[in-house]
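Subject: Structure for you to look at

Hi,

Here is the structure I promised. Please open it first, then read my notes below.

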Amino acid sequence: MKQTLRTIYEKDATKKVLASLISILVGLFVGTIVVVLVGLSKDTITPRGIWDGVRLIFAGILSTGRNAAGNLTWGYNAQSLGNMLFRATPLIMTGLSVAVAYKTGLFNIGAPGQYLMGTMASLMLALGIPSETVPAGLIWVIAFLGGCLAGALWGAIPGMLKAFLNINEVLACIMTNWLAANIVTWAFDVSNFKNVVENTKAGYIYKTTFNGVATPKLGLDKLFPGSQINGGILIAIVIAIAMYILINKTTLGYQLKACGSNRHAARYAGINDKRNIVLSMAIAGALAGGGAALYWLSGNTEFYWSTYQSLPGTGFNGIPVALLAVNNPIAVIFTANFMAMLDIVGQQLTGYTAYNEYITDVIISVIVYLSAFSLVIRMMLTGKKKAGATNANAETGNKPSVSEDEKKGGGEA
Amino acid sequence: MTFLIQQTLLYAVPLMIVALAGVFAERSGIINLALEGIMIFGAFVGVLFVHTMQSVPLFLNAARSGNWLTLQGLELLAMLVAAALGAVFSLLLSFASINLRADQTIGGTALNLMAPALVLFLIRILVNQNTLMMKTGDAASWFMLKKSTFGIDKSTNIGFLGETFLNKVYLATYICILVFVVLSIVLYKTRFGLRLRACGENPQAADSLGINVYKMRYAGTTISGALAGMGGFVYALTTANCTANGDVAGFGFLALAVMIFGNWKPLNIAGASLLFGLFKCIAAAYSSIDLNGDGVFLLAELGISSHLYRMLPYLVTLAVLAFTSKKSRAPKAEGIPYDKGSR
């Protein structure tokens, strides 16, 4: 028995999971410290308020509100769970987007822009095609594919800039993000999809249900009554599995990974590195755009169109989702749900305590910070510092080793 | 023309100083992607400092009686505080990337996520809204240097140079230019600067000559953090009316682009930031730019959508990067964690 446990512990995969769990725990712990410190420094927050805040951070998903006496009540909350799955849907997709690009050694910080372009395309298609003549189901499919395509095209731009002009993809992605934010605002500004029917919804785009288009619920709403859940989560899970197969079981996936570990060696082996870099970013973009389509086609959320000053958090949160999952597409499903859970926790904190939802963003950023050196954590778990250090660069194929290889390759060429 | 030059400077100077922040980090071998986050943090700290100090009788009375020297002192103090805490915040990046040899891109991204989250969390707790503003008055009435500040009547004309560089300007702008010049000289003409640059080019060689690479890299990122923090506050003071809302609209990343365009060299960066400042200024104020003073607002009357003007800085950045990236020469060892043991 002890032997089996030891072999499981010795496995690399176990270490990865443990490292991620440690990151999560430390993140939650730092969040707790912030909550306690802020609570102690503000006279308006009572010790009970602090205690409520701490409990919500760790178990907010199981909160059922406050009872008449003003105490927090706990229990199974179908609505929160359903909403968690609903919010996890686009996060799975943006997480996959970042993970797939990372396999090719690219840091896709452009997911917010791709997400926005996906939003624009899918909403315009879903609202623009008349549902009197075209069946709603077909419109849904067209809008979803349109969202994917728009994201793919937008993702391909930094990909091409990287492949052919050797522009740092991080910078190119940031610039295309802001361009996307402006383009989307511009496009909706001149469109006639702005909600003019409901007075309270000024500044928003019509829900897709105005055109009778909505993701089918597939009975999930019966399972989680009162929540926003729909069949999109199942589609996202299927896509995650498909991505796992693509990366691990196909030639294309192998080529993408080869370019990620060493672009020059891959080219030497006859792999078209430029094509693969563009393709990787296009796939990443399609995933982010598809995530946006799944979210907005749900038909129960409005899009605030004048977005040129802000980028969607869903896109950025794809980064922690992918990092926590160590870029494993299957693990992304779980980490995305964790992130969505934090989102719900943030709402509970805003609703029931003197704190606000931004504390969950602090937690997320701490988690990202820790995953930057998750290798060190993994090394500590192994206890073999020296051996770990030499493996470290070779094993992950992360940025430093890639650029080092590039330089060596450049010197030979 | 006066308006155009002043507005361009307002955007160009923070860009310039933050780009120099990037140079100090990258020249020592650390990619500082966290410039944006440190700016956000610095802006918040500086504005919070001003916000708090405004209830101190000394400054309150100074504002009432027009004692501008005291108020400029407050502005300088706020800049210093923003710089100091920016440096402290950047230690998070230094620790991860120097001591723990973490991936610098992810570490920087973490700081970029952390700064707005922390800042918005605190702002919401402090003032129960999403923007932290000055307690009383505005940036113009407290800190702006005007003709009346120097006891000159509003209607007297003090010449083109005077009107442009002494009327309706901020002292912070000139302090930043001064700091920029001094630090550029430090980087190129002192022993410290040479050692710092050596650590970004060939840390192994530097180490063999007895330079402590870790220390030098800490110095580089800490100076970088201080400059970015200060730049963030100056940006908030001069372009956002001394308010902080956890956002500097991608300014830190624009600064990175300016740094690459300027080829990691201060003089080129000064030029590049003027160019970018001009486009940023057109994007922000195209409708009130009157080039030759004949009352015709040319850019607004061209009938081009405001959306296009707002996209201009980013489009130009991409185009400029596309044309210069082939020639650009980054510090050789940037982004590679230094490991004493490796050859």
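One definition to start: the radius of gyration is taken over C-alpha atoms, and the globule rule is 2.2 Å times the number of residues to the power 0.38. Keep in mind that this is a predicted model.

Chain B first. What radius of gyration would a compact globule with 343 residues have? The rule puts the value near 20 Å. Chain B has 21 Å, so the two agree. Along the principal axes, the C-alpha atoms of chain B fill a box of roughly 70 × 50 × 40 Å.

Chain B holds 15 helices and 0 strands. Of its 343 residues, 57% count as buried. Now take the contacts in chain B between residues at least 6 apart in sequence: 80% of them join residues at least 24 apart.

Chain B has 24 positive and 15 negative charges, and their mean positions are 10 Å apart.

Next, one helix in chain A. Helix H3 of chain A covers residues 47-59. At 1.5 Å a residue, its 13 residues should span 18 Å. The end C-alpha atoms of H3 are 18 Å apart, which agrees.

Which residues of H3(A) are buried? They are A:Gly49, A:Ile50, A:Asp52, A:Gly53, A:Val54, A:Leu56 and A:Ile57. What covers them includes helices H2 (12-41), H14 (329-352) and H15 (358-372) of chain A. Strands S1 (63-66) and S2 (72-74) of chain A are also part of that cover.

Best wishes

Key:
Residues numbered from 1 in each chain as written. Chains lettered and ligands numbered in written order. Predicted model: local features only at pLDDT ≥ 70, side-chain atom pairs only at ≥ 80, totals over all residues. Heavy atoms only, no water. Helix = DSSP H or I, 4+ residues; strand = E, 2+ residues; numbered from the N terminus. Buried < 20%, exposed > 50% of the residue type's maximum accessible area, 1.4 Å probe, protein only. Contact = heavy atoms within 4.5 Å. Lys, Arg positive; Asp, Glu negative; His and termini not counted. Charge placed at Lys NZ, Arg CZ, Asp CG, Glu CD. Expected span 1.5 Å × (residues − 1).
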